[in-house]
Each structure stands twice: as structure tokens, then as C-alpha cells.
Amino acid sequence: NYRCRSAFKLLEIDDKYKILKPGCSVIDCGAAPGAWSQVAVQRVNSAGTNAEFPIGFVVGVDLLRIAPLDGAHFLSFCDVTDQTTHTQLQELLPKAQADVVLSDMAPNASGFRELDHERLVTMCLSMVDLAERVLKPDGSLICKYWDGGLAHQVQSRLAHAFRDVRIVKPKASRKESAELYFLARFFKKNKAV
Ligand code: SAM
């Protein structure tokens, strides 16, 4: 039982691209109510359910409270666009590194499509900053965005930092919504970091 139907979008993307493997460390941005984290916990084995596989790590973060979940750490009432949140996340991660950064973040809809788009792009860019700070070489990122004039800013940042960037629209995402996901794989770790 998932906390939210959004779980099916991540399941669909992951079934196809196999991003979440046992033993992986995962950050889930905009995690409330926690359905993506539930999927991540199952797939990376962070609750240690399967004794034959390596044990992963999941940390979720949200502006809202996230109810506890076995196998996950949560930072409730934290803003992903805030640098101090990046530091807190990094301190929690094993070896201060992640294999996967997920984001299903979305601002509260203002009703003005352009404004909402702009705000989500700002959040995505901040989450790319976080990914560049914590991802291991060849790490992956999945990031929700709403299509619009500024999406190319996120895409070009990703294209610079990853070897493979594609746009995916899971079937579980309503056709009429402008919601899309960037899937970026094979992070090129900057030697300077
Ligand atoms: N993936 C979640 C799940 O499966 O349960 C659903 C995520 S919901 C669509 C989007 C979430 O993004 C909301 O809970 C919202 O509070 C959060 N959010 C929006 N802006 C944020 C920010 N700046 N920092 C952290 N979380 C944020």
C-alpha cells in the first residue's frame, strides 16, 4: 500500500531504467507524504528486508511533515532551495555521497502557469546544485518539471553534468498535465570536488 498514487510514476520509470538497486543511497526531494520513499526503500533494500542483498540508504526531505517510514530518514520542515538543507543531507548520507537524487517537488500552484513554471525551475536548479555536490560518479537523477520556456535552463545544466539526459512522461502521469520528468544518468564527477 502506497501513501500516494505518485508511487506508480517512479515504479514505471524505474522498471524501465533500473536506477534503484539494492545497496544504493538515495535522496528524495519533496518526499511528503512518502510514496516515492516507500518505493526507494523497497528497491534499495534500506530496511534490510532481503538479507541476501546489500542494504541501501534513503533520506527524504520536504517543507511539510513526513510520517516515519521503516528504512528511511526524513528531514521534515526543510527547504531544498536552502543551502543549509544540502549540508544536513550530506551529513546524513553514508560517506557523504548518493547514488541517486530524486525530485517530485512542486510548488503550491498559484494559478498563474508562468509563475508556477518559473518557481519549479528555480527549485530544480537548486536540486541540481545538490546533486552536483553529493552524487557519485555515474550517479543518476530523476526530476519533475512543468514544461515551459525556462525548462531548457535545467536541461542544459543536466546535459553538462551527465552523459545521458532524457525526458520521460510516465503513463501514470495524467496526459493533460504539463508534468514531465528529466532522467539524467551517468554523472560526470567534477575532479575539483
Ligand atoms: N513524491 C511524493 C510522494 O510520492 O509521496 C509526492 C510529492 S508532492 C507532488 C510535492 C512535494 O514537494 C510537496 O509535499 C511539497 O511540500 C514539496 N515541496 C515543494 N517545495 C519544496 C521545497 N522548496 N523544499 C522541499 N519540498 C518542497
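Predicted model: local features only at pLDDT ≥ 70, side-chain atom pairs only at ≥ 80, totals over all residues.
Q: Which domain does UniProt list?
A: The unreviewed entry has "domain: Ribosomal RNA methyltransferase FtsJ" over residues 2-185. UniProt positions are in the numbering used here, feature names are shortened, and annotations may be inferred rather than shown by experiment.

Q: How much helix and strand is there over residues 2-185?
A: That stretch is 35% helix and 25% strand, with its end C-alpha atoms 26 Å apart. Helices (H or I, at least four residues) and strands (E, at least two) are DSSP runs, numbered from the N terminus.

Q: OK, α1 then. Which of its residues are buried?
A: A7, K9, L10 and I13, in a helix that runs over residues 7-17. Buried means 20 or more other C-beta atoms within 10 Å of the residue's own, exposed means 12 or fewer, and partly exposed is in between, with C-beta atoms placed from the backbone.

Q: Why are those four on the same side of α1?
A: Because they cover an arc of only 160° around the axis. The arc is that of the directions from the helix axis to the C-beta atoms. On the face turned away from the buried side, α1 carries the exposed residues D15 and K16.

Q: And what do the buried residues of α1 pack against?
A: They pack against α2 (35-44), β5 (135-146), β6 (162-168) and β7 (179-187). Contact here means C-beta atoms, placed from the backbone, within 7 Å.

Q: Is α2 largely enclosed or largely open, and why?
A: Largely enclosed by the rest of the structure, because nine of its ten residues are buried. Among them are W36, Q38 and R43. The cover includes α1, β1 (25-29), β2 (57-61), β3 (72-75) and β4.

Q: What follows α2?
A: N45, with a positive phi near 65°. N45 is in the loop between α2 and β2, and it counts as buried because it has 23 C-beta neighbours inside 10 Å.

Q: Which strand holds F186, and what is its phi?
A: F186 is in β7, and its phi is positive, about 65°, although it is not a glycine. With 13 C-beta neighbours inside 10 Å, F186 counts as partly exposed. Most residues other than glycine have a negative phi, and most peptide bonds are trans.

Q: Where's the cis peptide bond?
A: It joins A32 and P33, with omega about 5°. P33 is in the loop between β1 and α2.

Q: Switching to the ligand: how many residues surround it?
A: There are 23, and the closest are G30, A32, A35, V80 and D104.

Q: What does UniProt list for "active site"?
A: The unreviewed entry lists K144, which is found in β5. K144 counts as buried because it has 22 C-beta neighbours inside 10 Å. Leaving aside neighbours within four places in sequence, its contacts are S103, D104, M105, A106, E179 and Y181.

Q: Now the largest nonpolar core. Which members touch the most others?
A: V26, I27, C29, A40, V101, L102 and M127, out of 54 residues. α4 gives the most to this core, with eight. Such a core is a set of buried Ala, Val, Leu, Ile, Met, Phe, Trp, Tyr and Cys residues joined through C-beta atoms within 7 Å.

Q: What does I27 touch?
A: V59, L89, A98, V101, L102 and V134, not counting residues up to four places away in sequence.

Q: Last one: is L20 buried or exposed?
A: Buried, with 25 C-beta neighbours inside 10 Å. L20 is in the loop between α1 and β1. L20 and A40 are 20 residues apart in sequence and 6.7 Å apart in space, C-alpha to C-alpha.

Notes. Residues numbered from 1 in each chain as written. Contact = placed C-beta atoms within 7 Å. Near = placed C-beta within 6 Å.
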